[in-house]
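Notebook open. My entries follow.

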Amino acid sequence: MNVNRTTIFRLRQRLHETNTVSDWSRSGRPRCTTQRQDRNLVRNHMNNRFLSASASSRQTRGRNNQRISANTVRRHLSTSGIRARRPYIGPILIQRHRHQRTLWAQEHAA
């Protein structure tokens, strides 16, 4: 199994004592959102890819009806594999503009 002998020994001991080998709860700050809220965040961002994290944090309430931060939303989305998307904001170029830009670039590249 490519595991150290002491690991197997500890797992056997834990199984004998508690009838389970699952991890115990650890100390630390409790999570501010539930797993269900995390899934809803991911679903909302998959449906609307241009929804900002700050807008999503304003819409979502955490446990005990507390506000969650935009950084919390960003962390949850990044662990789910969702990257930030922003709509393109720029001039609308028609074919003539593209041609003129190409000519300008060729003229100044030399």
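I began with a side-chain pair: Thr33 makes a polar contact with His76 through their side chains, at 3.2 Å. I count a polar contact as N or O atoms within 3.5 Å, one able to donate a hydrogen and the other to accept it; sequence-adjacent residues count only if both atoms are side-chain atoms.

The model is predicted: local features need pLDDT of at least 70, side-chain atom pairs 80 or more, while totals for chains, interfaces and linings use all residues. Numbering runs from 1 along each chain, and side-chain values use heavy atoms, without hydrogens and water.

I then looked up a second partner. The Thr33 side chain also makes a polar contact with the side chain of Asp38, at 2.7 Å.

Where is Thr33 placed? I find Thr33 in the loop between helix 1 (5-18) and helix 2. Helices here are DSSP runs of H or I, at least four residues, numbered from the N terminus.

Buried or exposed? Thr33 is buried, at 1% relative accessible area (buried is under 20%, exposed over 50%, partly exposed in between; 1.4 Å probe, protein chains only).

Next, the helix pair. The axes of helix 2 (residues 35-47) and helix 4 (residues 70-79) come within 10 Å and cross at roughly 80°. Axes are lines fitted to C-alpha atoms over the stretch in contact, with angles from 0 to 180 degrees between N-to-C directions. The two helices are therefore roughly perpendicular (65 to 115 degrees).

I listed who meets whom: Asp38, Leu41, Val42 and His45 of helix 2 meet Val73, His76 and Leu77 of helix 4 (contact is heavy atoms within 4.5 Å).

Key: Parallel < 35°, antiparallel > 145°, perpendicular 65-115°, else oblique.
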